[in-house]
Amino acid sequence: MSRDILIIKLGALGDVVMATGLVARIVQHHAPQCCVLLTSPAYGELFTAQPGLELKTFARSSRRATLAAVLWLRKQRFWRVYDLQSNDRSGVMCALSGIPQRVGNHPRFPYNLHPGSRYTGHSHIHARMLEVLEAAGVATDAVAPCLHPSATDRAMVTKWLQARGLASRRLVLMHAGASPGRPEKRWPYFRELALALARHGLLTLWTGGPDDRDSNAELSRATGIDASGAFSLLQLAALTAHARCAVTNDSGPMHILACGSIPIYGLFGPSDWRRNHAVGQRDRVLSLNKDESVFRPTRLADLKPGQVLRQLEQDGILAESHQRLSAPP
């Protein structure tokens, strides 16, 4: 099968998750032509269930790696590239690729298919990417992030919960971590919130990766279960089938959890929730500046546990008889 269409999406985690539905729509639009996704090794698993898509992983480690990727691109003879990254690195790749049709976010070289206006952060990142696809003639109706855990992924999650006697517990997922370089995005009151939820009979699962082990170990000593490193990215999405809701910092896992069918309460302060909230979860953003017309950074420490708890109570999360709330369209 010849390779016809290239899609570039390298990172970061939250942006890649938001791009999953875009990639699926591009593949659908060009079927039965072959589409190839160039992405980072850590994120390839998110696309393994996508039919009609080949994966090519690219380690963004050096200029030498970028050069190697460009040489590979020139050998493939793609006729169109969708640069869903559209940063300096991917822009150089597109410029040197020899691909005639170059779709991107910016109305300038190297892109010849793009939205008519510059992107200045005035809209959500996902909404802007829909504009990028529309500029290339791709329909974007009902495009949303989507992850597809396998039956094996779902079974492993169930087995993990059963082994710890958690299968019938009322669970709330919490991700207290954030990018190591952005400590200001970590809400300081997760422990207090989890203790308050425990008094309502809700048990917290502390999710996260290797960077979260120390903090989750400390949090779980107060209450809840430490699930650091227990699940792959797709298994984390599968875990949502067993929980009432999730409370998270602005982070990649927030977007993964939002691909499930539970309410996601995203905590925002220093970062602009209008650009970064989990798709479909706008009404559940918790921020002190949510009602202001212009974004103003705030300190997460000024968002108190009681405010978050009241929102959960208002939405029926604390009720003994709980009807699952689905994400709005």
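Trp-187 is buried, at a relative accessible area of 3% (buried means under 20% relative accessible area, exposed over 50%, partly exposed in between, with a 1.4 Å probe and protein chains only). Tyr-189 also counts as buried, at 18% relative accessibility. The model is predicted: local features need pLDDT of at least 70, side-chain atom pairs count only at pLDDT 80 or more, and totals for chains, interfaces and linings use all residues. Residues are numbered from 1 along each chain as its sequence is written, and side-chain values use heavy atoms, with hydrogens and water left out.

The structure holds 5 aromatic pairs. Rings of Phe, Tyr and Trp (its six-membered ring) pair if their centres lie within 6.5 Å; planes under 30 degrees apart count as stacked, over 60 as edge-to-face and the rest as tilted. The ring centres of Trp-187 and Tyr-189 are 5.7 Å apart and the planes stand at 85°, so this pair is edge-to-face. Phe-190 and Trp-206 form another edge-to-face pair, with 6.4 Å centre to centre and 75° between the planes. Phe-190 lies in helix H6 and Trp-206 in strand S7 (residues 203-206), so the pair ties together parts 16 residues apart in sequence. Helices (H or I, at least four residues) and strands (E, at least two) are DSSP runs, numbered from the N terminus. Both Phe-190 and Trp-206 are buried. Ring pairs link Trp-187, Tyr-189, Phe-190 and Trp-206 into a cluster.

Helix H6 (190-198) is also a packing partner of helix H11. In H11 (residues 305-314), the buried residues are Pro-305, Val-308, Leu-309 and Leu-312. They cover an arc of only 100° around the axis, which puts them on the same side of H11. The buried residues of H11 pack against H6, strand S9 (243-249) and strand S10 (264-267), where contact means heavy atoms within 4.5 Å. Arg-310 and Gln-314 are exposed on the face turned away from the buried side. Gly-316 follows H11 and has a positive phi, near 85°.

A nonpolar core is a set of buried Ala, Val, Leu, Ile, Met, Phe, Trp, Tyr and Cys residues joined through side-chain atoms within 4.5 Å. The largest has 55 residues, of which Ile-7, Leu-46, Tyr-82 and Leu-84 touch the most other members. Helix H1 (residues 13-30) supplies the largest share of this core, 8 residues. Leu-84 touches Ile-7, Ala-19, Leu-22 and Met-129, among others. A second, separate core of 25 residues includes Val-247, Leu-286, Leu-303 and Leu-318.

Terms used
Arc of directions from axis to C-beta. Lists of a residue's contacts leave out its neighbours within four places in sequence.
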